[in-house]
Amino acid sequence: MHKSHAWLQGALWRALRLSMTILEFQHGTLVLTGMPRDRVERIFPAGPFVWDARAGLWRADAIHYRTVVERLREVNALWEDKVPRWSTVRWPKPNLPPLRPEQQAAVEAWCLDRRGCIVMPTGTGKTEVALAAVALVSLPTLVVAPVRDLMYQWHRRILERLGYDAGVIGDNVFRVRPVSVTTYDSACIHMEKFGNRFALVVFDECHHLPGPVRRDAAVMSAAPCRLGLTATMERSDGRQDDLTPLIGPTVYEMPISEAKGRSLADYEVVRIPIQLSPQEQVRYEELSRVVKYYVAQRRKTDPDYGWEELCAETGKTPEARQAMRAYHAKKSIEERAEEKFRVLEDLFSLHAGEPCLVFVGSNQMARDISRRFLIPCLLSHSDKKERLDVLRGLEDGTYPALVANRVLDEGVDLPEVKVAVVLGGSGSARQAKQRLGRVLRKSGNARAVLYEVVSGGTKEEKRSVRRRDSDAYSKVRHRRL
């Protein structure tokens with residue numbers, strides 16, 4: 001009798017399971033089975049589920065996991081959640097420093113919903129804020145960084161502050177642990193495999209996320225907790241608004257003016273205008289006429305003809321290729337004007353004995369400066385060992401300065417430097433604020449200075465104006481050396 005009763009109970013349970021709604025993770029999506037179509041449409045009238053006729057089931061992007069769970073609980077549905085493959089994480093040797101008031105405020109603002117972006121200037125300790133949040137929730141965490149150097153930097157900081165040897169996913173390594181670090185590119189590729197293994201995803205320099213491909217790192221993740229870190233949200237394509245659905249709203253924002261002189265060093269920005277030589281000016285104007293003539297001819301038949309159309313045509317017509325070559329030659333004259341080298345030499349003399357960073361807009365200019373002044377240059381293809389050697393050399397005084405194109409613009413921990421020179425770059429206010437932030441880490445009462453050297457009478461002037469379109473560049477001084 002007892003055995004019969006047990007068998008009956010088992011049969012009833014199996015029958016119940018067959019009729020139960022099941023939510024699963026499958027290749028970066030959520031799969032819902034066992035629920036009649038009319039009920040799915042009643043519970044989720046506005047989505048996110050759509051009917052997958054090929055597989056015969058309801059499917060949604062994994063990013064909607066938290067919303068789906070909340071809705072199913074709200075209607076008291078009988079369902080089984082097979083999505084999460086995470087549990088509590090224990091930290092072997094936590095060694096977190098005390099947070100400053102603004103850092104504590106950022107952590108508390110994020111913890112209210114465990115979703116959202118924190119915007120703080122470079123040098124104010126966003127990494128410490130994130131590590132405090134990670135330690136607090138104690139959940140499996142994936143940290144996503146823009147480049148390999150930052151990925152390994154996060155690995156070192158997690159080991160140092162939490163005593164945890166994090167997994168590494170990227171750079172030809174695939175070692176997944178409950179707490180892991182990766183790059184945006186690797187996350188896009190592999191998130192469909194492990195998108196349900198992490199309850200928290202930290203997107204470092206999160207302004208990189210809204211791109212058409214990198215956004216998959218967020219879309220294919222089922223993580224209910226999300227944290228974005230950046231010094232500035234702005235993107236040239238205007239897609240910064242996409243960060244709200246991908247990560248969450250901005251929950252804490254600290255303007256650089258508020259940090260100046262407190263958590264950041266006091267600083268000044270000095271703009272130094274220079275002029276092209278007569279020979280450079282003549283050549284610059286010749287090249288400008290080539291570009292303007294071609295664009296004017298094309299606009300006779302296509303009034304909206306612009307940069308994107310020119311790029312598309314360079315592989316089709318010799319005239320377009322000639323115009324594009326002229327454009328790049330113009331930019332090279334702006335970037336590599338001979339007067340910039342004289343000004344840089346004067347600045348090195350003015351700040352002799354002080355470590356200095358030089359930011360440029362092209363690899364060629366970086367190499368030119370490296371050869372002329374015998375200082376190391378860091379470019380995007382410089383390997384990890386070379387970068388560490390150069391940064392150590394700058395710290396111990398072996399190298400008086402270093403020059404970089406874009407590789408030091410964001411995130412990478414640098415030795416204490418209080419002098420930076422910008423000789424070229426994009427018109428992005430984000431890049432300008434990030435470069436300024438490289439010299440703003442507070443050290444006693446030391447004052448930082450950033451010099452911006454601009455070729456007058458060229459397009460570089462307009463880029464300089466756009467770069468200064470932020471509170472960080474208010475009250476810019478003009479100086480001729």
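Visitor: What should I know before we start?
Guide: Residues are numbered from 1 along each chain as its sequence is written, and side-chain values use heavy atoms, with hydrogens and water left out. In this predicted model local features need pLDDT of at least 70 and side-chain atom pairs count only at pLDDT 80 or more, while totals for chains, interfaces and linings use all residues.

Visitor: Why is Leu-436 called buried?
Guide: Buried means under 20% relative accessible area, with a 1.4 Å probe and protein chains only. Leu-436 has 0% relative accessibility, so Leu-436 counts as buried. Leu-436 lies in helix H17 (residues 429-437); helices here are DSSP runs (H or I, at least four residues), numbered from the N terminus.

Visitor: Which residues make the contact of H11 with H13?
Guide: H11 and H13 pack at an angle of about 145°, with their axes 9 Å apart. Axes are lines fitted to C-alpha atoms over the stretch in contact, and angles run from 0 to 180 degrees between N-to-C directions. Contact means heavy atoms within 4.5 Å, and among the residues making it are Leu-287 and Val-291 of H11 and Ala-323 and Tyr-327 of H13.

Visitor: What makes the crossing of H11 and H13 left-handed or right-handed?
Guide: A crossing is left-handed if the near helix is turned anticlockwise from the far one by less than a right angle. The crossing of H11 and H13 is left-handed, so the near helix is turned anticlockwise from the far one.

Visitor: Which element gives the most to the lining of the second largest pocket?
Guide: H11 does, with six residues.

Methods: Helices (H or I, at least four residues) and strands (E, at least two) are DSSP runs, numbered from the N terminus. Buried means under 20% relative accessible area, exposed over 50%, partly exposed in between (1.4 Å probe, protein chains only).
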